[in-house]
Amino acid sequence: MIVIGGGPVGEVAAERAARGGLQVALVEHERFGGECSYWACIPSKALLRPGLLLAAAKRVPGVPVGDAVDPAKVFARRDWFTGKGDDTGQVKWAEGVGIVPIRGHGRITGEREVTVDGGDVLTARHAVIVATGSVPRTPRIPGLDTISPWGSREATSAEEVPRRLGVLGGGVVGVEMAQAYATLGAEVHLIISGERPLPRLPDFVGDAVIAGLREAGVTVHTGSGLESVSALDGGKELSLKGGGRLVVDELLVATGRRPATDGLGVEALGLEAGAALTTDDNGRVSAVDGDWLFAVGDVTGRAPLTHQGKYAARAAGDAVAAQAAGKPVDSAAWSAHSATADHHAIPQVVFTDPEVASVGLAGAEEGKPHRVVDIDIAVAGSSLHADGYAGKARIVVDTERGVLVGATFVGQDVAELLHAATIAIVGEVPLSRLWHAVPSFPTISEVWLRLLEAYGL
C-alpha cells in the first residue's frame, strides 16, 4: 500500500495497514508528522496554554502570580514540542513499525501508481491512500499579495511578538491566535464579518468568546472585513469595510482552509484539483472504480480535525488490510471499518478563554423531534474552580429516542467535559440511564445532573 501524506492521519493509516500485514510506503514532501505537529495543533496550544493558565491563576485568590507571560520562554517551550521542525524522530518511528518513509512529492500517475517528484515510480499491489490534508484558503483582497501576510504557519512559528497584529477571520484559528498573541503582549485587532466569532456554534458561545477576547485586550471589529491592504514604512495599512483604517505590523489571514489536492494528479482520474475527495465511510473515493483509491482526513472535507482524521485513518487502514487479505470489508454503521461518527459525533475544542467544547448538533434540526436545553454552568465545582466562574451548557435531545444528539459547553476548562458527551452520543445512551451516571461532587461535571434535571428527569 502507498500512503501520500505523512502527517498524523497518514501515519495512522500506514501503521494500521502495516499492522495488518501489508508493506507500506509513506510519501511526504515536507516533514513527517505533518501540519498538526509543526504548524497547527501542537504549537498553537503551546502558545495558548501559558496565557490561559495565567488567567486561571488570577481567578483564585492567594495564588502568587505575575502580570504577564514571558514570550521568550513560551516560544522556547513551543520549540521543544515541535523540535524546531526536526522530523528525525517521526522517521525513526515509521521505520520502527515497518513503514518505508519516502521523502518527496507524490503524484498519482495511474491506477495504483504514484510517481515521486517525477522520478521514482511506486506501484501498490492493493491500494493508495491519500492523506494530504488541507491548505489555507486565501481571499481576494486588493494589495494582499504585496504585504506577505501571515498564514497559520507563520503565526504558530513566529520568533517574536509583533507590536501590532491584525487577524482576519472569526473561526478557530482566528480567535485562538488573537487570544495567544494578546496574552503574549501584542496589540491585537480581530476583524470578523459577523456580529460574533464561531458563527456555526450557538450565539451564546460567540458572545462569551468575544467578551473573553475583549477582556484579554483584543479589539474586535464586528460586521467588518478588509477592502484593501497596502504596505507602509514600518507597517501595513488595512482599509476596513464600512470605513476606518488600521496600521499593523503583521496581518494574519485566517479565513478557512481547503482540501490539498493540487498537484496530486487527480485530474487524470476525472476528479477536480482543489476539490475534496468524496469518500464512503470505509474511506474509498466514491468517484473512482476498482476499490484501490482511498482518502482520509482534511482532504476529504468530511471532518477537518486531526483526531477525526486519525479515526477515519484507522478505519481505512484496517479496511485495506482486510481487503488485501481476502477478508470482507464491513461497511455497516459503527463497524471497525466505517467512520460512522463523522455523521453524528464530531468533537471539537476551541482553546480560548473561555474554552469552547462541542460535539454533535449545535441546535435543533427543523422537522426533527429535538429539544434544546440551555443552562448556566453554576454548580459548586465551578464556583470553587474560579471566582466569578461564568459558563453555559447546552444539550440537544432526540425526544423520540430519548438520547443525546448534541452538546455544547463554554467556560473555563470545559474541554474535559466533552468526552462524556461524545460517549453518550456515540453510545446512544438513553437519558433515563444517563441519569444513573452520578457526577462526583464538587466538580464542574455536576452540570450533567443539572442538565438532566432541566430536561425533566
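Phe-81 is placed in helix α4 (residues 71-82), helices being DSSP runs of H or I with at least four residues and strands runs of E with at least two, both numbered from the N terminus. The structure is a predicted model, in which local features need pLDDT of at least 70 and side-chain atom pairs count only at pLDDT 80 or more, whereas totals for chains, interfaces and linings use all residues. Residues are numbered from 1 along each chain as its sequence is written, and side-chain values use heavy atoms, with hydrogens and water left out.

With a relative accessible area of 40%, Phe-81 is partly exposed (buried means under 20%, exposed over 50%, and partly exposed in between, with a 1.4 Å probe and protein chains only).

Across the whole structure, 27 salt bridges are found, each defined as a side-chain nitrogen of Lys or Arg within 4 Å of a carboxyl oxygen of Asp or Glu. One of them pairs Asp-318 with Arg-16, their closest N and O atoms lying 2.8 Å apart; this pair links distant parts of the chain, 302 residues apart, with Asp-318 in helix α9 (residues 306-324) and Arg-16 in helix α1 (residues 8-19). Asp-318 is buried, at a relative accessible area of 19%.

A further salt bridge joins Asp-374 to Arg-394 at 2.7 Å, N to O. Because Asp-374 lies in strand β20 (residues 370-376) and Arg-394 in strand β21 (residues 392-398), the pair ties together parts that are 20 residues apart in sequence. Asp-374 counts as partly exposed at 42% relative accessibility, whereas Arg-394, at 15%, counts as buried.
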